[in-house]
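Here is a short report on one protein structure. Look at the sequence and the model first, then read on.

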Amino acid sequence: MAEEEQSVRVDSWIWSVRLTKTRSMAGAACRAGHVKVNDERAKPAQVVREGDVVRLFHDGRERIVTVRKLIRKRVGAEVAVGCYRDDSPPPPPRDAAAALGIRDRGTGRPTKRDRRDLERLRGL
């Protein structure tokens with residue numbers, strides 16, 4: 001039983017420390033391959049322990065966190081921040097992200113060339 005007390009499912013932990021809004025979103029991120037624990041792709045039921053490095057690609061940015069404390073229940077934001085150390089790169093500036101691929105109003109439907117340029121600009 002001591003083994004069970006020192007480990008938590010990765011999807012549950014990601015949700016508990018508020019990296020995702022819902023637990024189902026955390027599980028979906030794991031199934032889609034957007035979660036890695038110690039640089040290995042993680043399934044939702046994979047256990048996470050203190051000291052593990054969790055990488056989560058969510059909402060267009062990568063979050064890299066080191067597990068400090070294991071929790072099973074969702075907690076407030078102030079408590080959640082103390083459960084991990086955030087090693088993520090800083091998010092891009094909002095003005096640069098907002099200007100990416102915005103078309104002028106009334107210009108009509110984009111042509112095939114315009115659409116390809118937008119996709120190339122967005123990195124798709």
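## Ground rules

Helices (H or I, at least four residues) and strands (E, at least two) are DSSP runs, numbered from the N terminus. The model is predicted.

## Leu70 in its loop

Leu70 sits in the loop between strand E6 (61-67) and helix H4 (77-81). Is Leu70 buried or exposed? Its relative accessible area is 17%. Buried means under 20%, so Leu70 is buried.

Which residues does Leu70 contact, leaving aside neighbours within four places in sequence? They are Gln6, Ser7, Val8, Trp13, Val48, Arg49 and Glu50. Ser7 is 63 residues from Leu70 along the chain, yet their C-alpha atoms are separated by 7.1 Å.

## The largest nonpolar core

The largest nonpolar core has 22 residues. Trp13, Ile14, Val17, Leu19, Val35 and Val54 touch the most other members. Helix H2 (10-16), helix H3 (23-31), strand E2 (35-37), strand E5 (53-58) and E6 each give two or more residues to this core.

Take Ile14. Not counting residues up to four places away in sequence, Ile14 touches Leu19, Thr20, Ala26, Val35, Val54 and Leu56.

Ser88 belongs to another loop, between strand E7 (84-86) and helix H5 (94-99). Ser88 counts as buried because its relative accessibility is 17%.

The Ser88 side chain reaches the backbone nitrogen of Ile64 at 2.8 Å. That side chain also makes a polar contact with the side chain of Asp86, at 2.5 Å. Setting aside residues up to four places away in sequence, Ser88 touches Arg61, Glu62, Arg63 and Ile64.

Technical notes:
Residues numbered from 1 in each chain as written. Predicted model: local features only at pLDDT ≥ 70, side-chain atom pairs only at ≥ 80, totals over all residues. Heavy atoms only, no water. Buried < 20%, exposed > 50% of the residue type's maximum accessible area, 1.4 Å probe, protein only. Contact = heavy atoms within 4.5 Å. Core = buried A, V, L, I, M, F, W, Y, C linked by side-chain atoms within 4.5 Å. Polar contact = N/O pair within 3.5 Å; in protein donor to acceptor, adjacent residues only side chain to side chain.
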